[in-house]
Number of protein chains: 2
Amino acid sequence: MEPPSIRVSEIFGPTIQGEGVLIGLPTVFVRTGGCDYRCSWCDSLHAVDNRFRGDWQAMSVEQIWEQVSALSGGEPLTVSLSGGNPAIQPLGELIEFGHREGYRFALETQGSVARDWFSTLDTLVLSPKPPSSQMSTDWARFEACLAVAQGRPLTVLKLVVFDDEDYAYAKDAAARYPHLPVYLQPGNHTPPSPDRDDVIVDMTGVMRRMKWLIEKVTQDRWFDARVLPQLHMLLWGNTRGV
Amino acid sequence: MEPPSIRVSEIFGPTIQGEGVLIGLPTVFVRTGGCDYRCSWCDSLHAVDNRFRGDWQAMSVEQIWEQVSALSGGEPLTVSLSGGNPAIQPLGELIEFGHREGYRFALETQGSVARDWFSTLDTLVLSPKPPSSQMSTDWARFEACLAVAQGRPLTVLKLVVFDDEDYAYAKDAAARYPHLPVYLQPGNHTPPSPDRDDVIVDMTGVMRRMKWLIEKVTQDRWFDARVLPQLHMLLWGNTRGV
């Protein structure tokens with residue numbers, strides 16, 4: 001039987017991971033195409049919107065690996081599986097293949113689709129989407145993701161916060177899963193357009209929201225939450241592929 | 001016997017930790033006064049230079065704890081012991097006292113003075129100073145710090161990098177202690193003056209150095225080093241107390 005092919009939007013790196021628990025770590029990104037969500041402020045529409053389906057490529061594990069291996073010079077590093085929602089792609093074999101070569105895998109998903117291969121990841125970033133996204137969270141599905149991970153990968157919560165309502169959602173999510181480390185991230189109201197990546201980021205707005213978030217967290221005495229910006233965005237704005 | 005008093009430059013927070021392994025974490029900072037080093041680009045001269053000795057206060061554990069407790073509203077959080085070189089102060093009792101209240105302690109030092117109470121820390125950040133600092137590292141003393149820590153606290157290497165020579169030093173330091181996680185940080189050529197904190201940071205220069213460092217690390221395939229900026233500096237420039 002042919003192994004199923006994976007829908008890939010882009011493969012790039014190594015560059016540093018810009019967000020969350022692995023912030024600052026050299027990483028190759030495998031961004032899959034397609035998503036079951038459509039967040040109002042999505043910053044990766046080129047990997048989400050079906051209009052761009054023509055740019056996505058059906059690739060085998062071997063084809064993907066050839067690129068990852070070339071980008072990293074064959075030296076093991078962390079591969080970030082992102083999207084879109086990478087959980088809707090069959091990534092179990094890719095992870096198994098990469099692990100044999102000594103690579104590590106992190107996956108970021110909203111937690112809407114659970115896959116048994118989550119348990120083979122090194123890091124699982126669950127990023128349920130707050131009200132400002134216009135999406136709604138199915139917590140039963142989210143918990144199915146936690147159940148398949150079985151606490152094997154380092155599992156963390158990452159929450160994007162634009163406003164007070166999002167902040168309340170983040171607090172609720174953290175309270176539901178007190179055992180998960182929490183990473184809060186100020187939202188970017190000026191995401192790239194899927195057609196072009198030269199949309200100027202409202203850096204002042206992002207930094208203002210970052211300071212506001214720090215103030216909220218410290219005033220609330222939410223002392224085990226981490227507040228981190230999107231580092232790649234501070235460095236390169238909306239430019240893609242870095 | 002009176003417990004020894006601690007020389008304190010400032011106590012402030014909670015704000016987020018801006019650097020290294022605990023980046024983004026709400027923290028109260030206890031900055032001690034005095035240092036056995038005098039780095040060329042020191043960004044805390046107000047806690048280093050003896051000219052400012054008059055601003056430092058000899059405080060008891062109870063006096064310090066009163067302030068930490070007030071700032072955190074009595075809610076346990078991470079206390080960062082910084083300086084100056086906090087290792088030249090008698091901090092063992094403070095740590096013991098805070099631990100009883102559920103607080104956690106991180107300490108950052110260049111690794112020139114070893115204290116047996118290092119082993120009681122939660123996080124030990126060893127930050128040997130690269131050539132651009134004009135200081136020279138005594139590796140035997142550095143290793144004495146590792147020895148007293150005995151691998152009990154989470155111990156990490158933090159290396160500030162301004163130029164190629166610093167980068168080579170960082171690689172050498174990391175190679176000496178391959179078991180220590182490594183955090184690289186681009187230097188700030190425009191530190192605050194000790195008399196005033198409104199010196200404008202050359203943000204473009206810092207970000208350029210950050211990108212250069214990312215390029216070095218990825219080209220070298222140094223895939224387990226983390227590259228992180230000073231977040232507080234990006235947010236608040238050289239302003240003190242945040």
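Gln134(A) is exposed, because its relative accessible area is 64%, where exposed stands for over 50%, buried for under 20% and partly exposed for the values in between, computed with a 1.4 Å probe and the protein chains only. This residue lies in the loop between strand 6 (123-126) and helix 3 (139-149) of chain A, where helices (H or I, at least four residues) and strands (E, at least two) are DSSP runs numbered from the N terminus. The phi angle of Gln134(A) is near 75°, a positive value in a residue other than glycine. A positive phi, of about 55°, also occurs at Arg221(A), which is not a glycine either. Arg221(A) is placed in the loop between helix 5 and strand 9 of chain A, and it counts as partly exposed because its relative accessibility is 41%.

The structure is a predicted model, in which local features need pLDDT of at least 70 and side-chain atom pairs count only at pLDDT 80 or more, whereas totals for chains, interfaces and linings use all residues. Residues are numbered from 1 along each chain as its sequence is written, chains are lettered from A and ligands numbered from 1 in the order in which they are written, and side-chain values use heavy atoms, with hydrogens and water left out.

Chain A contains six helices and nine strands. Its C-alpha atoms fill a box of roughly 55 × 40 × 30 Å along the principal axes. For 242 residues, a compact globule would have a radius of gyration near 18 Å, and the 17 Å of chain A agrees with this; the radius is taken over C-alpha atoms, and the globule rule is 2.2 Å times the number of residues to the power 0.38. Of the 242 residues in chain A, 58% are buried. Among the contacts of chain A with a separation of 6 or more, 71% come from residues 24 or more positions apart, a contact being heavy atoms within 4.5 Å.

The accessible surface of chain A comes to about 9900 Å², and carbon and sulfur atoms hold 47% of it; such areas come from the Shrake-Rupley method with a 1.4 Å probe, and for residues only the protein chains shown count as cover. Chain A carries 22 positive and 30 negative side chains, with the centres of the two sets 4 Å apart. Lys and Arg count here as positive and Asp and Glu as negative, while His and the chain ends are not counted, and each charge is placed at NZ of Lys, CZ of Arg, CG of Asp or CD of Glu.

Rings of Phe, Tyr and Trp (its six-membered ring) pair if their centres lie within 6.5 Å, and planes under 30 degrees apart count as stacked, over 60 as edge-to-face and the rest as tilted; by this rule there are 22 aromatic pairs over all chains. The pair of Tyr167(A) and Trp222(A) is edge-to-face, because the ring centres are 5.9 Å apart and the planes stand at 75°. This pair links distant parts of the chain, 55 residues apart, with Tyr167(A) in helix 4 (residues 164-176) and Trp222(A) in the loop between helix 5 (203-219) and strand 9 (225-227) of chain A. Both Tyr167(A) and Trp222(A) are buried. One aromatic cluster is formed by Trp65(A), Phe97(A), Tyr103(A) and Phe105(A).

The peptide bond from Gly13(A) to Pro14(A) is cis, with omega near -5°, and Pro14(A) belongs to strand 1 (residues 6-16) of chain A.
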